[in-house]
Amino acid sequence: MLKQLQRWLLQLLGRMFSDAWANKLARLFSRRAVERIRVEATDDILDILLYAMEVCFCLDRSYRNDNLRAFSGIYVFTAAERPIGGTARFANGRMYVSPEAEKEFTVRVRFKNAEALRRFLFAGSPDVLNALLDDQVELDGNLNYIYKFGFMVSDLERRLGLLD
Amino acid sequence: MPGSEGTMNARVTLTDLALSGCARSARVERLRKAYFEACPEVCIERPSLVTKLHREFGLFEQARIGAWDKARVYRRTLECRKAIVWHSTARTRTGETFSFDASSPFAGSTTSKFKGVLLYPEFMALALWPELHTVSRRSANPYQLSAEDADQLNREVFPAWLDRSILESARAAAARSGKPKTEQPDFSLLQYMVFFLASKPECISHTIPSFSRAVGEGLRAVVNDARKRAATEHEPAHSFHKALAEVLEGVIQYSRKLADEAEQLAASEPDQQRRAELVELARIHRRVPEERAETLREGLTTVWMCWIACHLENPNIGLSLGRLDQLLYPLYRGDLDKGTLSIEDAVELCCCLWLKIGDHVPMVPQAGEQLFGGTGSNQAITLGGVDVEGKDAVNDLTYVMLRAIELMELRDPNLNARYMQGVNPPEYLHRLCQVNLDTRATPALHNDRAVIEALVAAGDTLEQARDYGIVGCVEPASNGRTYSHTGAILLNLTSALELALFNGRHRHTGLDRRIGIETGDPSKFQCMDDFRAAFECQVRWLADAAVNVNNALGQAHQSWYPTPILSALFEGPMEKGRDLIDGGATINSSGVTIIGLADTADSLSAIQKLVFEERQLSLVEFISAVRDDFKGQTALQARLMNPAKTPKWGNEDEVGNDSVRWLVELLNTVFSSCENYRGGRYRVGYWTMTNHAGFGRLMKASPSGRGAGENFASGFTPVSGVTPELTAVLNSVSAVPTQALRNGVAFNLKFTPHPNDPALLAAFVHTVETYFSEQGEHPGGMEIQFNVTQREDFIDAVKYPDRYPELLVRVSGYTAYFKDLTPKMQEEIINRTEYELATGAAVHPEVIHLVTTGD
């Protein structure tokens, strides 16, 4: 309920402001946290990333339009060594995050630990190959959705001014 | 005049085979400079048009896509493509645009860019998705991509293929099949990366089209043939023949559009010479490829137009051009006899065509750079050898093309030269060796006698085998009639060894989990035969898994990716009324290449010698040392790496040679008994591209003494550093049974160059002659390729890559620019055994480490 309220509030803010201002707000809410998890692997890495994406999707119309138009998919993340996990569901032009790893998925990413996930997501681009080569990550399902997720993460970084 | 066996070859009339009077013309110099300056740019023309047309024709909603569906897409794409006569701008690595005078005797381009990156969203292009914002700035082999184009890919193109790429289609089809999981192809094995790679998610491509009808009759005649057949046939042949006519009509239209564009440019061109060139281009493109070619330039233009069309449909990985010197010689001779062409003109035409052929690069995502970094499109051209009657086929155009290769020193096309000892003239071999010294890395040399024997053993007729061309890196296939997909499976043989050592478990995936089959506790093995039996079981299991995955992917191609363009340019589909993907070719085969042959053989030899012959230690103790990466066992490791104490392939050691012989015969038996999805058979070869570094990185220590993460030996080459005598290496490698090497081999040698020593060429020629010479029933070694670069230059090029933009090297099969390779591959090439040709002795400079093992 609280989450739903928060989402409405963010969407409202997004509607009230121009794209440029919405982007500034998104930076205000998320930049520092994302900047941190790009270089530091902590147990809250997945929570921070998914939250930052959710905030940005709510606030930033162009981020939403560029990435969520007619897109649906369920991403399940689980970790072998730490209590990290969650589900990101995309449907109806929105992103829904839940802390549980749901059974149904389009693609499931099982990573060894937070560092493995950090490297996987932020090593220039999702470093699928190296993560697989090093046996740090196991993927189940449609790999194309990983590439799509990788773009959404990189697009978030760009919008937060972290790519330059 | 050069001849052979006392007979004159009337097709060689040149007095100077080196054509030393022919240099790069001013035009070629200009184009080549721009070529090296240009950074590849991602081209979105093809993916945008193909995606739009799939939507327009409702193909995304169809359960299957037929040849006619694809033909409509390709014809419209060819008609809608922007006709670019000459590119005049390109972008540098830093993104700056530069202009140049790009007038060329050939119009058109594979992409809308001067040097383009082709994207096939039907295959693996979506792997570039995460990099759309960063690919222009990545450190290894960047591609330029504008923000607008990136936006279009993200919004319009890639989303359409999320659930429809070939890999995903195959995976979904397997899941839908209702079969129990144990009977479905195990795609998860692909994900571990350590067992095998299958290339069908990325392409088939590895084959040689036939241009003979296009050049000799013109595409209009082929269109008419297809239409005539369609008129009297029932489905599915009716639609298939209609599809062939449709795509060829598209190729003709594209050429006419270029003619229109050239005419328009000519009308506004103030410079008289350029105007005349444009008028001539327009004239040629109005005639060919629709009509039969009457001049060399028209013949080359026909090939070029067909080549562009082939790449519209087939990813630019390993699609090869075949025996152009044979195909085009009559046109060349005709021009010369009429006095309308000089030899210098012919060389310039070839130089310009080589640049056109190299106008695109394959899309390699950042992650893929690790395995395939620095690869070109591997478009092989084959020269020389014998004709279908077994007679000397070397002609003047062979030397013209060779000279053009020598002058250009390009990565693509990848030159392969055939040589039949006793039939081709010795002067020809001299010339091939000279070009190798000049270019430092090309051409690769193929022994006709050995290759033809291997192809006949695989089932080709003698005539078909004699007309072989080289595909991709080094794979032989009958020219224009074998749909070969020579790179279908890349199998890591050392994984079979690993599974035998650990009873079906693999250190990479964890010794607590069984992946392969249980083949027995090694402590119970009483003799080498017991160990070999376990290993053989694991090889059969691995081969079975790889073949199942490849066949499932092949079936996905059959359902969603028929290839009418390639089918129209091939021997078989027209007559059979069937697409290549459905077995329309005259000969159908699939290729397997093995990674880790020498390391596996040396490991088997070590186990045989130390454990079962000399009883130095038990197999359990040996496995324990290997599992611990020889920690605390340096003496054992040193002994294993010492060729005087442990058998190594490449030293004429009976045990070493026996291990390799047993392995290649086993692999040939196992794979040749497997049927592919087109009803053909699998053929096994030994060339590794850069995968010996990639797979080496994944694998832990080997019983051969190799440490964890170290590179494997490349291709069909003994392990580096353990073969001190060149002659012994040549004898060992050439002794392997040729009939079991049906998908080609890459035998890499490195020589110390002495630029001012005239004896070097003679020694070089002698080495090749020795390696290729018949020994009783045995036809001699199959293939050999060289790097002849100063070690200091390599080391300097690592430090200062910008000083060596054109430094060409043979990797293991293809040629690459040294600066583009990964540090791991650069290290492997620097550390390859290097021989002094004068003495035949290995030189042993210190081993260079550019990368920490395991990085």
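Which residue forms a salt bridge with Arg69(A)? The partner is Glu156(B), and the closest N and O atoms of the two are 3.7 Å apart. Here a salt bridge is a side-chain nitrogen of Lys or Arg within 4 Å of a carboxyl oxygen of Asp or Glu. Arg69(A) lies in the loop between helix H4 (61-68) and strand S1 (73-79) of chain A, while Glu156(B) sits in helix H4 of chain B, so the pair joins two chains.

Please keep in mind that this is a predicted model, in which local features need pLDDT of at least 70 and side-chain atom pairs count only at pLDDT 80 or more, whereas totals for chains, interfaces and linings use all residues. Residues are numbered from 1 along each chain as its sequence is written, chains are lettered from A and ligands numbered from 1 in the order in which they are written, and side-chain values use heavy atoms, with hydrogens and water left out.

**Where the two chains meet**

- On the chain B side, 32 residues are in contact with 31 residues of chain A; contact means heavy atoms within 4.5 Å.
- Together the two chains bury about 2,800 Å², and 52% of that is on carbon and sulfur atoms. Buried area is the accessible area (1.4 Å probe) that two parts lose on being put together, summed over both.
- Within chain B, the residues that lose the most area to chain A are Pro130(B), His133(B) and Gln191(B), which together make up 23% of what that side buries.
- Twelve residue pairs, both at pLDDT 80 or more, are in polar contact between chain B and chain A. A polar contact is a pair of N or O atoms within 3.5 Å; within protein, one must be able to donate a hydrogen and the other to accept it, and residues adjacent in sequence count only if both atoms are side-chain atoms.
- Four helices of chain B each supply at least two residues of the side that touches chain A: H4 (147-157), H5 (166-176), H14 (369-372) and H27 (691-698). Helices (H or I, at least four residues) and strands (E, at least two) are DSSP runs, numbered from the N terminus.
- H4(B) gives the largest share of that side, four residues.
- Sorted by class, the side of chain B that touches chain A has twelve nonpolar, ten polar and ten charged residues. Ala, Val, Leu, Ile, Met, Phe, Trp, Tyr, Cys and Pro count as nonpolar, Asp, Glu, Lys and Arg as charged, and the others, Gly among them, as polar.

**Salt bridges**

- Over all chains the count comes to 69 salt bridges, and three are found across the interface of chain B and chain A.
- Back to our opening pair: Arg69(A) is partly exposed at 47% relative accessibility, and Glu156(B) is partly exposed at 35%. Buried means under 20% relative accessible area, exposed over 50%, and partly exposed in between (1.4 Å probe, protein chains only).
- Inside chain B, Glu675(B) and Arg681(B) meet in a salt bridge at 3.8 Å, N to O.
- Arg803(B) forms a salt bridge with Asp796(B), with the closest N and O atoms 3.9 Å apart; Arg803(B) counts as exposed, at 55% relative accessibility.
- A network of salt bridges links Asp60(A), Asp66(A), Asp155(A), Arg158(A), Arg159(A) and Arg155(B).

**A sheet in chain B**

- Seven strands form an open sheet with mixed pairing, in the order S9-S10-S11-S21-S20-S24-S25. Two strands pair if DSSP finds at least two bridges between them.
- The edge strands, each pairing on one side only, are S9 (380-384) and S25 (842-843).
- S10(B) (residues 414-419) pairs in the parallel sense with S11(B) (residues 444-447) over four bridges, and with S9(B), also in the parallel sense, over five bridges.
- Both faces of S10(B) are covered: Asn414(B), Asn416(B) and Arg418(B) are buried on one side, and Leu415(B), Ala417(B) and Tyr419(B) on the other.

**A buried serine**

- Ser320(B) lies in the loop between helix H11 (296-313) and helix H12 (324-338) of chain B, and Ser320(B) is buried, with a relative accessible area of 0%.
- The side chain of Ser320(B) reaches the backbone nitrogen of Ala380(B) at 3.2 Å, and a polar atom of that side chain lies 2.8 Å from the backbone nitrogen of Gly472(B).
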